[in-house]
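Hi,

Here is the structure I promised to pass on.

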Amino acid sequence: MNTKDLELKSIDYRKTILEIIFNSGAGHTAGSLSCIDILNVLYNKILDINPRNFNSYDRNHYIQSKGHSVEALYTVLCDKDFFSKKDLLSLNKFKSHFIGHPTKKVPGIEHNTGALGHGLSVAVGMAIGFKLDKKNHTVFTLLGDGELSEGSIWEALLSANKYSLDNLVVIIDRNRLQITGETEDVNPIEPLNDKFNAFGLSTKEVEGNSVHELSKVLSSIPFEKNKVNLIIANTVKGKGISFMENEIVWHHKVPSKEEYNLAQKELDNLKLNIKND
Ligand SMILES: Cc1ncc(C[n+]2csc(CCOP(=O)(O)OP(=O)(O)O)c2C)c(N)n1
Ligand SMILES: [Mg+2]
């Protein structure tokens, strides 16, 4: 898939994320919009995970540690034919398995997540397993930057480094906001690059809402032999919708009918601009 196709897909994904959140009346709107370009590139260019091979151990694995952005994950999995649009639209409805955090009851979900700080440890365990079994597969995991406040993240990174997990790719959605404010106000995490390098990881920084940049960096894995691959993806929370970008209130806010229509219109215009480029 070329860059333009991926860019158009990201817009369609954003439209669907808003649609299912608006339809269900709940959701982590801005965090899903910030990471959707990452999921787009992973599922359409890198992972090679699909409904045919999902039940096999012999494939790459993806764990979404920032589980609250489940609307982004469900949207991409639906596009990859893991389930129907009708199922997707059952999000948060009575008796639906499509709840507000990833659950293995939904096809395509690798692991239950949502309690921040756990997904990385699971990914580390899987990567160690592949090494022990002499399998050439890679484990990818996506973390929020606020999630880095969880101590378990740093324990997991110590282990990942000890076991030289060059088959592990840790992506940080560095949107600079968490639930109540800026990461640097709530619990400062900078200098991130220095911290990760001091932990022995091979660290790269990338424009995390650019499918082109993401494709380039994710295609260059492993960065270094015997080193964990760490990507700081600089993103914008609420990316794509002018009045949601960098606004803390959209962490868990559902758009009103007017806001929803406006947001969809902005995305339609963005799509026209890309098409006419
Ligand atoms: C262990 C745990 N504590 C608290 C929460 C509540 N919570 C949900 S999202 C969130 C903020 C996460 O911020 P960040 O990781 O930066 O995510 P993003 O900005 O990508 O939405 C918090 C504290 C949680 N899900 N798990
Ligand atoms: Mg964040």
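Strands S1 and S2 run parallel and are joined by 4 bridges, with S2 covering residues 139–144. Within this pair, Tyr62 sits opposite Phe140 of S2. Please keep in mind throughout that this is a predicted model.

The two strands belong to an open sheet of 5 strands, paired in parallel and ordered S1-S2-S3-S5-S4. At its edges are S1 (61–64) and S4 (202–207), each of which pairs on one side only. Ignoring direction, neighbouring strands in this sheet are turned by 20° against each other on average. As background, strands of a sheet pair through backbone hydrogen bonds, in either a parallel or an antiparallel way.

Next, the helices. Two of them pack against H3, which spans residues 70–79.

The crossing of H2 past H3 is right-handed. On the H2 side, the contact involves Ser32, Cys35, Ile36, Leu39, Asn40 and Tyr43, and these meet Glu71, Ala72, Leu73 and Val76 in H3. Sorted by class, that contact has 7 nonpolar, 2 polar and 1 charged residues.

The other partner is H1 (residues 3–24), which packs with H3 at an angle of about 120°, again with the axes 9 Å apart. H1 also passes H3 in a right-handed crossing. Here Tyr13, Thr16, Ile17, Ile20 and Ile21 of H1 meet Glu71, Ala72, Thr75 and Val76 of H3. The class count for this contact is 6 nonpolar, 2 polar and 1 charged residues. If you put the two lists side by side, you will find Glu71, Ala72 and Val76 of H3 in the contact with H2 and also in the contact with H1.

Which residues come nearest to ligand 1? They are Gly31, Gly144, Gly146, Glu147 and Gln178, out of 21 residues around the ligand. The shell as a whole is made up of 4 nonpolar, 12 polar and 5 charged residues.

Most peptide bonds are trans, and most residues other than glycine have a negative phi. These are the exceptions I noted:

- The peptide bond from Glu190 to Pro191 is cis, its omega being near 0°. Pro191 is part of the loop between H7 (183–186) and H8 (192–198).
- The bond from Ile221 to Pro222 is cis as well, with omega near 0°. Pro222 belongs to the loop that runs between H9 (211–218) and S5 (229–234).
- Asp48 is not a glycine, yet its phi is positive, at about 55°. It lies in the loop between H2 and S1. Asp48 counts as exposed because 10 other C-beta atoms lie within 10 Å, and the cut-off for exposed is 12 or fewer.
- Asp81, also not a glycine, has a positive phi of about 70°. Its place is the loop between H3 and H4 (85–88). Asp81 has 12 C-beta neighbours inside 10 Å, so it too counts as exposed.

Happy to talk any of this through.

Best wishes

Methods: Residues are numbered from 1 along each chain as its sequence is written. Chains are lettered from A and ligands numbered from 1 in the order in which they are written. This is a predicted model: local features need pLDDT of at least 70, side-chain atom pairs count only at pLDDT 80 or more; totals for chains, interfaces and linings use all residues. A residue is near a molecule or strand if its C-beta atom, placed from the backbone, lies within 6 Å of it. Ala, Val, Leu, Ile, Met, Phe, Trp, Tyr, Cys and Pro count as nonpolar, Asp, Glu, Lys and Arg as charged, and the others, Gly among them, as polar. Axes are lines fitted to C-alpha atoms, for helices over the stretch in contact, and angles run from 0 to 180 degrees between N-to-C directions. A crossing is left-handed if the near helix is turned anticlockwise from the far one by less than a right angle, and right-handed if clockwise. Two residues are in contact if their C-beta atoms, placed from the backbone, lie within 7 Å. Two strands pair if DSSP finds at least two bridges between them. A residue is buried if 20 or more other C-beta atoms lie within 10 Å of its own, exposed if 12 or fewer, and partly exposed in between; C-beta atoms are placed from the backbone.
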